[in-house]
Amino acid sequence: MTVTVGIDKIGFFTPDHYLDMVDLAHARGEDPNKYLIGIGQSKQAVIPPTQDVVTMAANAASQILTPAIKADINMVLFGTESGVDNSKATAVYLAHLLGLPANTRAIELKQACYGATAGLQLAADFVRVHPTAKVLVIGADIARYGLRTAGEVTQGGGAVAMLVTADPTILALDAISSYHTADVMDFWRPTYRTEALVDGKYSTNVYLDFFKTVWADYQAQTQRSIADFSAFVFHLPFTKMGRKGLRQILPEADEPQQASLTAAFEASQADNREVGNLYTGSLYLSFLSLLRHGTLVGGERLGFFSYGSGAEGEFFSGVLQPDYRSGFDDDFLTRQLADRQAVSVAEYEAIFQQQLSNDGRDTQLAVGQERAPYYLAGRQHQQRQ
Ligand code: CAA
């Protein structure tokens, strides 16, 4: 008997401050439409020193975990490129914070923005072999390029948490996918740097080339075509990037299908436009945005393009389940975004410089403004508090 495996629940967390891209454009001497239309971003999450990828992941995961689910979790796969330790996995800190059972495998996965997709596919294969297993998959990151860089408008941050099980509530993953790896220097962050290095224009071209490659390979493997899909979901470092990806494959002749795929894309970029890049989590925030703002019904097939610079690309697909809306808390997510407060450019620049230092000194962070259940209080004796 074939086991249906996929995404059962999704949670999402982003901190409670944002920077308006019109304010940033004015401060940087750019036309606001370059950011709003040319890049396709309206706001960007501003990450305080009191949130790192572990605490953001805990805040996202706690939305979807009940005591009964926690007791059944066998594995935590944590995709991130903003790790807090070169040895100890973020997944181990997370498992402890969430109170998961000790008989859990807890591992961190790294390949730029692709890490959570690696986690999702490994989790799905694991559950296919062990159908009673439940796996927690995380994509959490802080996208940092630096003040006054070309990449600054594409920063952001947050965490997505997904529960992967048999008989999933949201999405049944197809077992076939297509992937491609090549050693490319489009974006990287050596261990001595807190900000990424990027060859921006080149990275956008590599993204589109990888999409072309894996989409062609997927079609050859499955004999499916664009007509078999109700939506395509993209890794969104900025929303214009996914728009370019979609344009690359839209049929010229078929007007009705073009309109419905474009409408689905608009739904899938709505939340990312408000948060910015969250690297590993971006594709899955876009999926959640599509579920929240789109008009899909159970039984429709969705295509996903995951891209991690350096580089790895994967195209995979899945079938939406009838009761998918019960797999996430729509009201909570709407409130979380709506309740955020704007910061000025000067406040954002100050917060940007306040990241927990790399010198190992004992630090007590000001946590008075934190509203999230999990936060970083500082560092004592070389240990995160
Ligand atoms: N009104 C409307 N549009 C305008 C405009 C205006 N007044 N002024 C400019 N634009 C448009 C430009 O025409 C351009 O559109 P197209 O891309 O469609 O040609 C767009 O705004 C951007 O303008 P520029 O190309 O001049 O922008 P830039 O040189 O400042 O850099 C960037 C843009 C390369 C994306 C830069 O922000 C960057 O390096 N970002 C980080 C790298 C990145 O995100 N790469 C994505 C692929 S890699 C990946 O996906 C992994 C990951 O997460 C990092």
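User: A crossing is left-handed if the near helix is turned anticlockwise from the far one by less than a right angle, and right-handed if clockwise. So which way does H8 pass H9?

Analyst: H8 passes H9 in a right-handed crossing. Contact here means C-beta atoms, placed from the backbone, within 7 Å of each other. On H8 the contact uses Thr239, Gly242, Arg243 and Leu246, and on H9 it uses Leu261, Phe265, Gln269, Asn272 and Arg273.

User: Before we go on, what kind of model is this?

Analyst: This is a predicted model, where local features need pLDDT of at least 70, side-chain atom pairs count only at pLDDT 80 or more, and totals for chains, interfaces and linings use all residues. Residues are numbered from 1 along each chain as its sequence is written.

User: And the H and E labels?

Analyst: Helices (H or I, at least four residues) and strands (E, at least two) are DSSP runs, numbered from the N terminus.

User: Back to H8 and H9. At what angle do they cross?

Analyst: Roughly 160°, and the axes come within 10 Å. H9 covers residues 255-275. Axes are lines fitted to C-alpha atoms, for helices over the stretch in contact, and angles run from 0 to 180 degrees between N-to-C directions. The two helices are therefore roughly antiparallel to each other. The cut-offs: under 35 degrees is roughly parallel, over 145 roughly antiparallel, 65 to 115 roughly perpendicular, and the rest oblique.

User: How does H7 pack against H8?

Analyst: At an angle of about 40°, with the axes 10 Å apart. H8 is residues 239-249. That makes H7 oblique to H8. The crossing of H7 past H8 is right-handed. H7 brings Thr204, Tyr207, Leu208, Phe211, Lys212 and Trp215, while H8 brings Met241, Lys244, Gly245, Gln248 and Ile249.

User: Now the ligand. How many residues surround the ligand?

Analyst: 26 residues, and the closest are Asn33, Lys34, Gly38, Gly200 and Pro237. A residue is near a molecule or strand if its C-beta atom, placed from the backbone, lies within 6 Å of it.

User: Which elements give two or more residues to that shell?

Analyst: Helix H2 (32-39) and helix H7 (200-222). The shell divides into 13 nonpolar, ten polar and three charged residues.

User: And what does H1 do with H2?

Analyst: H1, residues 21-28, packs on H2 at about 130°, with the axes 7 Å apart. That makes H1 oblique to H2. Met21, Val22, Leu24 and Ala25 of H1 meet Pro32, Lys34, Tyr35 and Leu36 of H2. That contact has seven nonpolar residues, no polar ones and one charged.

User: Switching to sheets. In what order do E2, E3 and E15 sit?

Analyst: The order is E3-E2-E15, in an open sheet with mixed pairing. Strands pair if DSSP finds at least two bridges between them. E3 (43-45) and E15 (341-343) are at the edges with a single partner strand each, so one side of each has no neighbour in the sheet. The twist averages 45° from one strand to the next.

User: How many bridges join E2 to E3?

Analyst: Three, and E2 (residues 17-20) and E3 run antiparallel. Asp20 has Lys43 in E3 as its bridge partner.

User: What about E16, E17 and E18?

Analyst: They form an open sheet in the order E16-E17-E18, with antiparallel pairing. E16 (363-364) and E18 (383-384) are the edge strands, each with a single partner, so one side of each is left without a neighbour in the sheet. Two bridges join E16 to E17 (residues 378-380). The partner of Gln364 in E17 is Gly378.

User: Which peptide bond is cis?

Analyst: The bond from Gly310 to Ala311 is cis, with omega near 10°. Ala311 is in the loop between E13 (301-308) and E14 (312-320).

User: And what is phi of Gln223?

Analyst: Phi is near 65°, a positive value in a residue other than glycine. Gln223 sits in the loop between H7 and E12 (231-234).

Key
Nonpolar A, V, L, I, M, F, W, Y, C, P; charged D, E, K, R; others polar. Contact = placed C-beta atoms within 7 Å.
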